[in-house]
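Biologist: Before we discuss any detail, could you put the model on screen and take me through how its sheet and its charged pairs are read?

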Amino acid sequence: MEPNSPSRRACQRRHTIIRIPQIAQLDSLPPFAGLALDQIVLPRTPAEICQAVDDMLGHAQIGFDTESKPTFRVGELSSGPHLIQLATPQRAYLFQIGTPGCTEAAKQVLEAEQVLKVGFGLGSDRGRLRTRLGIELRHSIDLGSALRYEGKKGQVGLRGAVAAVLGAAIRKSRSVSTSNWANPCLTEAQQRYAANDAYAALMVFLALGDDPERLLADHIRPAHRQQS
């Protein structure tokens, strides 16, 4: 292969990553300014669901995450995801799988090729969406793979990325993270936790540069690569 051939350049681009510092004292940072409760929407009626889809399809990038009811017994399989979180810069939408119309709405957004879905650790989300709900996560980027700590290998998590890129600490409550996400009545703490996971991922992405999508283009999974 020639040193400057297109194939050589393509191989080099596929390994492009962004190095960020690893912040040791996360608790010393100011708290992450997440979305307020009135910016978090749980669509329930057909009109609310339609409005949510229209809003998200009007954005070039949105934050994404899922939550599943935890399992506690050895060998117990998760029946999730039970909640799909999608966030714009202004608000977050929490799609509860048990609510009629929410699965179809989430499918429409997650399979939309014109909207980039941004998140962390999307491998497990992608598999569960496909096998449990028949949804293909298209046009997405896993920031856990695109970012690396300086001088270290391995993926970066949401908390570390928020600290390094945004200079803030996102609080993670274990009692909330392991709560029942299949409950049709989510608490305010659950709503904030779920919404701001998706919102924080989007804020990290948007803070990476003037054109982060172009900067990280080699990490974005287009639709034709997600059918395998």
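**Reading the salt bridges and the sheet**

Modeller: This is a predicted model, and a search of the whole structure finds six salt bridges.

Biologist: Which parts does the salt bridge between R171 and D27 tie together?

Modeller: R171 and D27 form a salt bridge in which the closest N and O atoms are 3.6 Å apart. R171 lies in the loop between helix 6 (158-166) and helix 7 (174-177), whereas D27 lies in the loop between strand 1 (18-20) and strand 2, so the pair ties together parts that are 144 residues apart in sequence.

Biologist: Is D27 buried or exposed?

Modeller: Residues count as exposed over 50% relative accessible area; D27, with 65%, is therefore exposed, while R171, at 47%, counts as partly exposed.

Biologist: Which residues are linked in a network of salt bridges?

Modeller: The network links K107, E111 and R138, and within it the side chains of K107 and E111 meet at 2.8 Å, N to O. E111 is buried, with a relative accessible area of 16%, whereas K107 is partly exposed at 30%.

Biologist: Turning to the sheet, what is the order of its strands?

Modeller: The sheet is open, and its six strands follow the order 2-5-4-3-6-7 with mixed pairing. Strand 2 (40-41) and strand 7 (140-142) stand at the edges, each with a single partner strand, so one side of each is left without a neighbour in the sheet. Strand 7 runs parallel to strand 6 (residues 116-119), joined to it by three bridges, and V118 has I141 in strand 7 as its bridge partner.

Conventions
Residues numbered from 1 in each chain as written. Predicted model: local features only at pLDDT ≥ 70, side-chain atom pairs only at ≥ 80, totals over all residues. Heavy atoms only, no water. Pairing = 2+ DSSP bridges. Helix = DSSP H or I, 4+ residues; strand = E, 2+ residues; numbered from the N terminus. Salt bridge = Lys/Arg side-chain N within 4 Å of Asp/Glu carboxyl O. Buried < 20%, exposed > 50% of the residue type's maximum accessible area, 1.4 Å probe, protein only.
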